[in-house]
Amino acid sequence: MRVMFITEDGKENYVKYGRDEDGMNKVVKTVVSRYEREDMCDAPANDTTGWRDPGFIHDGVIKNLKSEKRYYYKVGSDAGGWSATHSFMSRAKNAEETNAFLFGDMGTATPYSTFLRTQDESVSTMKWVLRDIEALGDKPSFISHIGDISYARGYSWLWDTFFAQIEPVASKVPYHVCIGNHEYDWPLQPWKPDWAQSIYNKDGGGECGVPYSLKFNMPGNSSAPTETRAPATRNLFYSFDSGVVHFVYMSTETNFLPGGDQYNFIKHDLESVNRKKTPFVVVQGHRPMYTTSNEGRDAPLRSRMLEHYEPLFVKNKVTLAMWGHVHRYERFCPLKNFTCGKEDEPLPVHVVIGMAGQDWQPIWTPRPNHLTDPIYPQPERSLFRTGEFGYTRLFATMEKLTLTFVGNHDGEPHDMVEFLASGQISKRVEDASDKLEVEKGYFSWFMKGMSLLVTGALMGYAIGSITHARKVATSGASWAPVKTEDV
């Protein structure tokens, strides 16, 4: 399990842990890293408006944990003081079930106006996910946040706000991520083919993947050079088993074409899955391969993903392909080349899950007195779509995987699909708001001597966060909004 946190001075700090809250007698020393203003590649991240000292990032790894046991931990030092005590459940070895919570494009909320509109719905997403995690009790689970993480976009204090907001969840369970356009994209990024000139723009706010690469530490060693003084971009593609599911993460922002490291990794990985151990395979990335929303700008990217990745997904019987970027929930039929498969044909089901917080997206249906607004008809391949905010939860056994969409307005299921280990879909609910019932039985700052804002993270093969220092906003203070674009 990996624990990460931030201090002001970078002095020696530790993770103290144990099976008993009163007996945390084991200690792990942390490794320290940081990035500088000069590592940012563009404004506002490298100018006086967006830059804020990020502090020193501490990274400690707890090894040799017993299977599926609760451990207590805290971070700090005797000299500087210790955080509050938190706990997590260790991964279950040879587990025959999987619990996970998956979403994209969440962001964070601020109690003040700032340079960018923030994502108020992210508060509800975390509230309901926390409810579900607590309902699991001593069953391990994890978070999967597939791109557009904090929406800081060069205003670095929004990273601090984001980690503070996810603390109640991420201090309890691993927090996995993959890279999105708002963590990375900038005009001079090193991989930018001619067909991608209109796709990869200034969405990263000049961060060029640096905060994302250092604040998170995912499995594997995937990276790509920035071709600047900044450290290499990390956490691009990786995979792991969790219980009965094999999870694969990919980057849609860096080279994903055949011949590159990422394509070779994903091809080999999918071909090597032990389906007797993990009968289900879930692939996740940021920009979707399929969507019925307004994403014409990404069409050249989607066509190449369809050309190179859909054959891999079909051949290797991927169960689910989950994407963000579009700030809506949409579930497709088992799909190949825009065509629904036959009843018993084991094709991937694509699901767009970018509905966790960000709210910029054209609506699908016409509105009165808005006759010139574009309309996006729902084709046959799109079985369920909604503008509701929320998240998905995944539960799987050796026999069946269930994916449920939970809406933020009531914390209740609104769509569900079930897969058998054979690859067949056993149950589809097209109008889940009428047909699903709540699964009641199953899911019914200050640290002396350290920084003003201390955040951290908890990782098995994942990452989460602890905030044990919070800066209180000055009463009545407000930032004046000077930008409004939210892409």
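This is a predicted model: local features need pLDDT of at least 70, side-chain atom pairs count only at pLDDT 80 or more; totals for chains, interfaces and linings use all residues.
Biologist: How many aromatic pairs does the structure hold?

Modeller: The structure holds 32 aromatic pairs; rings of Phe, Tyr and Trp (its six-membered ring) pair if their centres lie within 6.5 Å, and planes under 30 degrees apart count as stacked, over 60 as edge-to-face and the rest as tilted. A pair of aromatic rings is described by the distance of the centres and the angle of the planes. In the case of Tyr329 and Phe384, the ring centres are 5.9 Å apart and the planes stand at 65°, so this pair is edge-to-face.

Biologist: Which parts does the pair of Tyr329 and Phe384 tie together?

Modeller: Tyr329 belongs to strand S18 (residues 329-336) and Phe384 to strand S21 (residues 382-386), so the pair ties together parts that are 55 residues apart in sequence. Helices (H or I, at least four residues) and strands (E, at least two) are DSSP runs, numbered from the N terminus. Residues are numbered from 1 along each chain as its sequence is written, and side-chain values use heavy atoms, with hydrogens and water left out.

Biologist: Are Tyr329 and Phe384 buried or exposed?

Modeller: Buried means under 20% relative accessible area, exposed over 50%, and partly exposed in between (1.4 Å probe, protein chains only). Tyr329 and Phe384 are both buried. S21 as a strand is mostly covered, with four of its five residues buried.

Biologist: Which residues form one aromatic cluster?

Modeller: One aromatic cluster is formed by Trp191, Trp195, Tyr200, Phe256, Tyr263, Tyr309 and Phe313.

Biologist: Over which ring does the charged end of Arg19 sit?

Modeller: A charge sits over a ring if NZ of Lys or CZ of Arg is within 6 Å of the ring centre and within 35 degrees of the ring normal. The charged end of Arg19 sits over the ring of Tyr71, at 5.8 Å from its centre. Arg34 has its charged end over the ring of Phe56, 4.7 Å from the centre.

Biologist: What do the buried residues of H6 pack against?

Modeller: Helix H6 (residues 299-308) has Leu301, Arg302, Met305, Leu306 and His308 buried. The buried residues of H6 pack against helix H5 (261-271), helix H7 (310-315) and strand S17 (320-323); contact here means heavy atoms within 4.5 Å.

Biologist: How many residues lie between S23 and S24 in the hairpin they form?

Modeller: The hairpin of S23 and S24 has five residues between the strands, and Gly411 in the turn has a positive phi of about 70°. Strand S23 (residues 400-407) pairs with S24 in the antiparallel sense over seven bridges, and Val417 in S24 is the bridge partner of Leu403. Strand S24 (residues 413-420) is mostly covered, seven of its eight residues being buried.

Biologist: What backbone feature is found at Tyr151?

Modeller: Tyr151 has a positive phi of about 55° although it is not a glycine. Tyr151 is placed in the loop between strand S10 (142-146) and helix H2 (157-170), and its relative accessibility of 1% is why it counts as buried. Lys317, which is not a glycine either, has a positive phi of about 55°. Lys317 is in the loop between H7 and S17, where its relative accessible area of 45% makes it partly exposed.

Biologist: Which residues does a cis peptide bond join?

Modeller: A cis peptide bond, with omega of about 5°, joins Ala43 and Pro44. Pro44 lies in the loop between strand S4 (31-33) and strand S5 (56-61).

Biologist: What pLDDT does the chain average?

Modeller: pLDDT is the predictor's confidence in each residue, from 0 to 100. The chain averages 88, and 87% of the residues score at least 70. Over residues 430-487, however, the pLDDT is below 50, and this stretch has 194 contacts in the model beyond near neighbours in sequence.

How values were computed
Two strands pair if DSSP finds at least two bridges between them.
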